[in-house]
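User: Hi! Could you walk me through the charged contacts and the surface of this one?
Analyst: Happy to, let's take a look.

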Amino acid sequence: MLGGARLAALVFSVGFLAIAIYPAQWDANDDSFPLSNYPMFSQGRPSPDIVLTHAVALTDSGERVPIEPMVSAGNREVLQSMRTIELGVRSGADAFCQEVAARAREAGLNASIGAESVEIVTQRWDAVAYFAADDGDAAREGTDRRVHARCDL
């Protein structure tokens, strides 16, 4: 025979499991708060490609080094920085490039990594291939590279 505390714990556990499992029966496109079937994880992506507009520093050896968000957009938050860069391209890539170059000079990128110039680029990567590849592999380079602006440091 179950005691009062054990019975309460059993009822609570079964109820909690039922609530957690219930959203799994919903249509894949339905989502709700506070219960969710997590459609962002339960459905496949239409494509593994990601397109990213970002700032890179070009070094004296020709290497392209991604510039950290605080330097590229004046913000530590990655998604806000990404949006700032996209808006910078729309409102005037050349002027935005000059702003990034000024922050790069202040951050000492020319001395620390040998940066000579800054590029604002939009590029496409196959995310699955990128993370499966080794350094130096072509998948790490991306495709469809479009340079919006380039300016010297």
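User: Let's start with Asp 144: buried or exposed?
Analyst: Asp 144 is exposed, at a relative accessible area of 54%. The classes are buried under 20%, exposed over 50% and partly exposed in between, with a 1.4 Å probe and protein chains only.

User: Good. Before we go on, what should I know about the model?
Analyst: It is a predicted model, where local features need pLDDT of at least 70 and side-chain atom pairs count only at pLDDT 80 or more, while totals for chains, interfaces and linings use all residues. Residues are numbered from 1 along each chain as its sequence is written, and side-chain values use heavy atoms, leaving out hydrogens and water.

User: Thanks! Which residue forms a salt bridge with Asp 144?
Analyst: That's Arg 124, with the closest N and O atoms 3.0 Å apart. Asp 144 sits in strand β4 and Arg 124 in strand β3, so this pair ties together parts 20 residues apart in sequence. A salt bridge here is a side-chain nitrogen of Lys or Arg within 4 Å of a carboxyl oxygen of Asp or Glu, and strands are DSSP runs of E with at least two residues, helices being H or I runs of at least four, numbered from the N terminus. Arg 124 is partly exposed at 32%. Salt bridges with shared partners also join Asp 49, Arg 124 and Asp 144 into one network.

User: How many salt bridges are there by this rule?
Analyst: The count is five.

User: And what does Glu 119 pair with?
Analyst: Glu 119 forms a salt bridge with Arg 145, at 2.5 Å between the closest N and O atoms. Glu 119 lies in strand β3 (residues 115–126) and Arg 145 in strand β4 (residues 143–152), so parts 26 residues apart in sequence are tied together. Glu 119 is buried at 4% relative accessibility, whereas Arg 145 is partly exposed at 31%.

User: Where's the Arg 83 and Glu 86 pair?
Analyst: Both are in helix α4 (residues 78–107), three residues apart, which means about one helical turn between them. Arg 83 is partly exposed at 40%, and Glu 86 is partly exposed at 24%.

User: Switching topic: which residues form the nonpolar patch on the surface?
Analyst: Leu 7, Leu 10, Val 11 and Val 14, with about 360 Å² of accessible area together. Areas come from the Shrake-Rupley method with a 1.4 Å probe, counting only the protein chains shown as cover for residues. Patch residues have over 30% relative accessible area and no salt bridge; like charges are joined within 9 Å and nonpolar side chains (Val, Leu, Ile, Met, Phe, Trp, Tyr) within 5 Å.

User: Where is Leu 7?
Analyst: Leu 7 is in helix α1 (residues 4–21), and is partly exposed at 43% relative accessibility.
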